[in-house]
Amino acid sequence: MTEAAQQRVICVIGMHRSGTSCLTGSLQQGGLDLGKHSTWNRFNEKGNRENQDFVDFHEQLLADNKASWDKPPKRIHFDESHRRAAQQIIDGFAQSPLWGFKDPRSTLALSIWQELIPQLQLIGIFRHPLAVVQSLRRRAGHGISTRQGMSLWYHYNQILYREYRCRPFPLLCFDWDEERFHEQLNLIHKQLKLKPLEPGQRFYTADLQNFSAQETAGLPWRVRRLYKKLRGLVENA
């Protein structure tokens with residue numbers, strides 16, 4: 001096996017404002033190398049845990065597809081220049097046996113990372129659609145409508161669901177209470193051979209949930225159905 005093949009690489013996927021930062025911060029405290037990353041954000045007191053190199057790459061890739069995070073393409077296309085740019089980022093982790101990255105845009109660009117990193121392991125997280133939409137609208141200057149927010153939630157989480165059905169991976173629900181969240185997270189840490197988190201090390205706290213889960217009756221039918229399918233995956237795992 002080559003050195004690259006011996007590496008363990010983790011990608012956190014999920015919709016924006018769905019707990020991806022919390023999950024990634026927890027994995028980092030267990031020993032996951034994120035490289036250079038943000039530890040503070042005006043909309044996230046503990047930082048979004050995003051490596052700017054990945055964010056810049058995803059933004060350029062989406063722009064080249066005449067798309068953006070809030071106007072995602074139906075299908076992502078990439079060429080050799082995109083492969084070279086992505087490989088350059090990967091090469092920066094050549095000396096790290098266990099590394100990973102988090103940027104919700106990577107959910108849209110999984111195909112290029114899966115091609116370049118055959119051993120890539122996914123970890124997903126999702127959150128109630130209304131909680132996500134309200135959290136998006138809470139961000140100053142973001143005039144997203146409920147309809148657009150629901151459409152975005154569906155697009156990102158449909159990818160997550162499809163990937164899970166193709167090849168199951170660890171999946172968390174950000175609507176869980178703190179104790180259940182950490183119970184499941186500790187199982188993931190054990191599975192990934194990461195250090196367990198002591199109570200004082202917990203990245204997740206109840207105050208990170210700015211909005212609690214709500215009833216699904218008023219959701220668009222396809223959003224409601226997908227949310228119930230995702231809940232079924234984690235309830236029956």
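Which residue forms a salt bridge with Glu 59, and how far apart are the closest N and O atoms? The partner is Arg 105, and the closest N and O atoms of the pair lie 3.5 Å apart.

## Basis of the model

This is a predicted model, in which local features need pLDDT of at least 70 and side-chain atom pairs count only at pLDDT 80 or more, while totals for chains, interfaces and linings use all residues. Residues are numbered from 1 along each chain as its sequence is written, and side-chain values use heavy atoms, with hydrogens and water left out.

## Salt bridges

A salt bridge is taken here as a side-chain nitrogen of Lys or Arg within 4 Å of a carboxyl oxygen of Asp or Glu, and by this rule the count comes to eight. One of them joins Lys 102 to Glu 50, with the closest N and O atoms 2.9 Å apart. This pair links distant parts of the chain, since Lys 102 belongs to strand 2 (residues 98-102) and Glu 50 to the loop between helix 2 (20-29) and helix 3 (52-64), 52 residues apart. Helices (H or I, at least four residues) and strands (E, at least two) are DSSP runs, numbered from the N terminus. Lys 102 is buried at a relative accessible area of 3%, and Glu 50 is likewise buried at 14%; buried means under 20% relative accessible area, exposed over 50%, and partly exposed in between, with a 1.4 Å probe and protein chains only.

The salt bridge between Glu 59 and Arg 105 also connects distant parts of the chain, with Glu 59 in helix 3 and Arg 105 in the loop between strand 2 and helix 5 (110-116), 46 residues apart. Glu 59 is partly exposed, with a relative accessible area of 40%, whereas Arg 105 counts as buried at 11%. A further salt bridge brings together the side chains of Asp 175 and Arg 231 at 3.9 Å, N to O. Here Asp 175 sits in the loop between strand 4 (171-173) and helix 8 (178-191), and Arg 231 in helix 9 (residues 221-235), 56 residues apart. Asp 175 is buried, with a relative accessible area of 14%, while Arg 231 is partly exposed at 23%. Salt bridges that share partners join Asp 175, Arg 180, Arg 231 and Glu 235 into one network.

Ser 106 is found in the loop between strand 2 and helix 5, and is buried, with a relative accessible area of 0%. Contact means heavy atoms within 4.5 Å, and, leaving aside neighbours within four places in sequence, Ser 106 is in contact with Cys 11, Val 12, Ile 13, His 58, Phe 101 and Trp 113.

The axes of helix 3 and helix 4 (residues 80-91) come within 10 Å and cross at roughly 170°, which makes helix 3 roughly antiparallel to helix 4. Axes are lines fitted to C-alpha atoms, for helices over the stretch in contact, and angles run from 0 to 180 degrees between N-to-C directions; angles under 35 degrees count as roughly parallel, over 145 as roughly antiparallel, 65 to 115 as roughly perpendicular and the rest as oblique. The contact is made by Asp 53, Phe 54, Phe 57, Leu 61 and Asp 64 of helix 3 and by His 82, Ala 85, Ala 86 and Ile 89 of helix 4.

Helix 2 and helix 8 pack at an angle of about 50°, with their axes 11 Å apart, and helix 2 is therefore oblique to helix 8. On the helix 2 side the contact involves Cys 22, Leu 23, Ser 26 and Leu 27, and on the helix 8 side Phe 181, Leu 185 and His 189.

The axes of helix 7 and helix 9 come within 10 Å and cross at roughly 35°. Among the residues in contact are Met 150, Ser 151 and Trp 153 of helix 7, and Arg 222, Val 223 and Leu 226 of helix 9.

Ser 151, in helix 7 (residues 146-166), counts as partly exposed at 38% relative accessibility. The C-alpha atoms of Ser 151 and Pro 129 are separated by 9.7 Å, the two residues being 22 apart along the chain. Pro 129 is one of the buried residues of helix 6 (residues 129-138), and what covers these buried residues includes helix 7 and helix 9.
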